[in-house]
Amino acid sequence: MVGGIDTHTDLHQVAVIDHIGRHLATERFETTPEGYRRLLDWLRSHGEVLAVGIEGTGAYGAGIARFLTANEITVVEVDRPDRKAMRDHGKSDPIDAYGAATAVLSGRAAGTPKTRNGTVEAIRALRVVRKSAVKARTQTINQIRTLIVTAPSEVRDKLRGLSTPELTDTLARSRPAGRLDDPARAVKTALRRLARRYRALDEEIKEADKEIGPLVTKAAPRLIALPGLGPETAGQLLTSAGDNPDRLRSEAAFAHLCGAAPVPASSGRTNRHRLNRGGDRQANNALHTIVLVRMKYDQRTRDYVARRTAEGMTKKDVIRCLKRFVAREVYRHLPHMIHTTKPLPQTA
């Protein structure tokens, strides 16, 4: 039999079908260790488990995917049903669970989920905090500069022309005096608090960098040694690939994951490719950053840009070509391991 799981926060809907696609049973289980054990026992009570398709292995289904993999059950990542399928067949938890099982049996779903049990998962968790701190720091400095623009001239003139470090340092050390109902005093107080928030976030980001850097070096020493890559970009690419990068069958698959593989857009007498706007956009942004760094500091990349520009290629097209090249190079330096996922047995 083949199983399918529609994942949710508190309850997972599970369905089983036989080797020719007939619906056998469906049941709901709690998202707890005991619930996972009962789910596995229930699956095995219907026969030999060939594979289990799970929706949302990177979110609500992460726990059950780890549990089933640890118990030597082949787990297949299943995409959400498209809108046409939902219009034709309706939408409910049992329907989605049966759809996940059918997608596995038919071969429409064949993706291997991330294991999320190694160093890369630790990097991902730390980067979530760092990313939110960077975003908050940017918002804070924008609020500071907006307040300065609308502040009374006695405040604005003293802060004019200061760089960001000088500005935050000056405001953090200030000691506003006077009545709080005075607009100038209120602005000075607000700026002081924002500057202290900025400095606290800056320290938080530095601490995160000290934690993430050694983990990235440990996970992929060959990757971090490539020109143009740092702990931030390498950490993002590792997170996108996962702890088991061998789930990506080729460097072309990795390029598609990063949204760096050109998409065919030919029709009739037209033969061309278009920009790929899919894939992991954070990974695509990491590739873009690497390319910009190499265009400025790497002589090999600068020679390539000069040659392709002389051939009439635009800067955007050159960057797209370079991103595809970097994706190929990064894939070769990922920490590949022996692929241990069991293949799905062939059925009638």
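Biologist: Hi! Where is the place of alanine 151?

Modeller: Hello! In this predicted model, alanine 151 sits in the loop between α5 and α6.

Biologist: Is alanine 151 buried or exposed there?

Modeller: Buried: its relative accessible area is 4%, and the cut-off for being buried is under 20%.

Biologist: And what does alanine 151 touch, skipping residues up to four places away in sequence?

Modeller: With those set aside, alanine 151 touches Arg156 and Val187. Lysine 218 is another matter: 67 residues along the chain from alanine 151, with 49 Å between the two C-alpha atoms.

Biologist: Let's zoom out. How many helices and strands does the protein chain have?

Modeller: There are 14 helices and seven strands in the protein chain.

Biologist: How does its radius of gyration look beside that of a compact globule?

Modeller: The protein chain has 26 Å, whereas a compact globule of 348 residues would be near 20 Å. The C-alpha trace spans about 80 × 60 × 45 Å along its principal axes.

Biologist: What share of the residues is buried?

Modeller: 40% of the 348 residues count as buried. As for the accessible surface, the chain shows about 19,700 Å², and carbon and sulfur atoms account for 52% of that.

Biologist: What about charges, how many positive and negative ones?

Modeller: The chain has 59 positive and 39 negative charges, and their mean positions lie 7 Å apart.

Biologist: Back to helices. Which residues of α7 are buried?

Modeller: In α7, which covers residues 164–172, the buried ones are Leu167, Thr168, Leu171 and Ala172. Looking down the axis of α7, these buried residues fall within an arc of 120 degrees, so they line one face of the helix.

Biologist: What do the buried residues of α7 pack against?

Modeller: They pack against three helices: α5 (119–150), α6 (153–159) and α8 (183–219).

Biologist: New topic: where is proline 113 found?

Modeller: Proline 113 is in the loop between α4 (93–106) and α5. It counts as buried, because its relative accessibility is 7%.

Biologist: Which residues is proline 113 in contact with, leaving aside neighbours within four places?

Modeller: Beyond those neighbours, proline 113 has contacts with Thr57, Val75, Val76, Glu77, Asn244 and Arg247. Serine 132 is 19 residues from proline 113 in sequence, and their C-alpha atoms are 25 Å apart in space.

Biologist: Last one: what does threonine 239 touch, not counting residues up to four places away?

Modeller: Apart from those, threonine 239 touches Lys114, Val120, Ile123, Arg124 and Arg127. Threonine 239 belongs to helix α10, residues 231–241, and counts as buried at 11% relative accessibility.

Methods:
Residues numbered from 1 in each chain as written. Predicted model: local features only at pLDDT ≥ 70, side-chain atom pairs only at ≥ 80, totals over all residues. Heavy atoms only, no water. Helix = DSSP H or I, 4+ residues; strand = E, 2+ residues; numbered from the N terminus. Rg over C-alpha atoms; globule rule 2.2 N^0.38 Å. Buried < 20%, exposed > 50% of the residue type's maximum accessible area, 1.4 Å probe, protein only. Areas by Shrake-Rupley, 256 points an atom, 1.4 Å probe, with all protein chains shown as cover. Lys, Arg positive; Asp, Glu negative; His and termini not counted. Charge placed at Lys NZ, Arg CZ, Asp CG, Glu CD. Arc of directions from axis to C-beta. Contact = heavy atoms within 4.5 Å.
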